[in-house]
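Hello,

As promised, here is the structure for you to look through.

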Amino acid sequence: MNNVLIIDDTKNIRKLLTTCLEIRGYNVLTAESGNIALNILKKERNNINLIFLDIRMPELNGTKVLKYIKNMGITAPIIIMTAFATVKNAIDCTKLGAAAYLQKPFSVERINSVLDEVISKNSEITNEKDLIQNAKKSIEENDLNKAHEMLKKALSVNPYNGEIYSLLGEVNKHMGNLKEAERFYFISKLFID
């Protein structure tokens with residue numbers, strides 16, 4: 001997790017986060033608006049490992065940016081930042097896949113605490129590809145229960161990967177659960193660009 005994108009319209013927040021992250025050895029990119037962030041992500045989508053995202057920004061707010069990020073298939077953990085924390089806001093962002101929530105104003109200690117929390121969660125995220133590969137191998141070996149378990153874990157790591165749904169369809173088809181197979185195949189098509 002080396003490259004971090006900070007998306008916030010407040011210069012001082014970008015500076016504070018940049019300093020904290022660079023001290024910990026991260027390469028930092030910053031964007032002062034949602035539109036600039038999306039342009040960066042279009043170019044660097046495979047190189048960004050972590051995103052700090054402010055919710056309240058002019059023009060394109062953080063919730064919309066979060067939706068765009070997920071629609072782009074970017075799986076980097078996203079830490080939501082806001083001075084206007086509400087339960088509804090937190091729930092909405094969590095549903096959209098936010099990894100953590102950071103309430104403003106925040107201290108260096110709080111930033112480090114949230115970073116440590118996300119990094120420990122992220123150790124699972126790096127296993128998504130391994131889980132998919134092992135599931136494919138299990139399907140080839142006709143160990144369908146093992147494949148099913150691995151795919152469920154992969155889905156819990158990244159519910160936006162169409163390949164996982166497609167493989168779940170394949171597993172269910174081999175198990176004779178044709179209605180479930182159809183359902184998973186249908187869902188997998190929703191994630192194809």
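Leu60 has a relative accessibility of 11%, so Leu60 counts as buried (buried means under 20% relative accessible area, exposed over 50%, and partly exposed in between, with a 1.4 Å probe and protein chains only). Please keep in mind that this is a predicted model, in which local features need pLDDT of at least 70 and side-chain atom pairs count only at pLDDT 80 or more, while totals for chains, interfaces and linings use all residues. Residues are numbered from 1 along each chain as its sequence is written, and side-chain values use heavy atoms, with hydrogens and water left out.

Leu60 sits in the loop between β3 and α3 (62–71). Helices here (H or I, at least four residues) and strands (E, at least two) are DSSP runs, numbered from the N terminus. Which residues touch Leu60, leaving aside its neighbours within four places in sequence? They are Gly34, Asn35, Leu38, Val65 and Tyr68, where contact means heavy atoms within 4.5 Å. Leu29 lies 31 residues from Leu60 along the chain, and their C-alpha atoms are separated by 18 Å.

**The overall picture**

The protein has nine helices and five strands. Read from the N terminus, the order of elements is β-α-β-α-β-α-β-α-β-α-α-α-α-α. Along the principal axes, the C-alpha atoms fill a box of roughly 55 × 35 × 30 Å. There are 193 residues, and 44% of them count as buried. Among contacts with a separation of 6 or more, 57% come from residues 24 or more positions apart.

The five strands form an open sheet in the order β2-β1-β3-β4-β5, with parallel pairing (two strands pair if DSSP finds at least two bridges between them). At the edges stand β2 (27–31) and β5 (100–103), each with a single partner strand, so one side of each has no neighbour in the sheet. From one strand to the next, the twist averages 20 degrees. Axes are lines fitted to C-alpha atoms, for helices over the stretch in contact, and angles run from 0 to 180 degrees between N-to-C directions.

Strand β4 (residues 78–82) pairs with β5 in the parallel sense over four bridges, and Thr82 stands opposite Gln103 in β5. Helix α1 (residues 11–23) packs on the sheet, where it touches β1 (3–7), β2, β3 (50–54) and β4, and its direction makes about 170 degrees with that of β2. Helix α2 (residues 34–44) lies across β1, β2 and β3 and runs at about 135 degrees to β2.

Apart from its neighbours within four places in sequence, Asn172 is in contact with His148, Asn177, Glu180, Ala181 and Phe184.

Glu149 belongs to helix α7 (residues 144–157). With 41% relative accessibility, Glu149 counts as partly exposed. Glu149 and Leu168 are 19 residues apart in sequence, and 9.8 Å apart in space, C-alpha to C-alpha.

Best wishes
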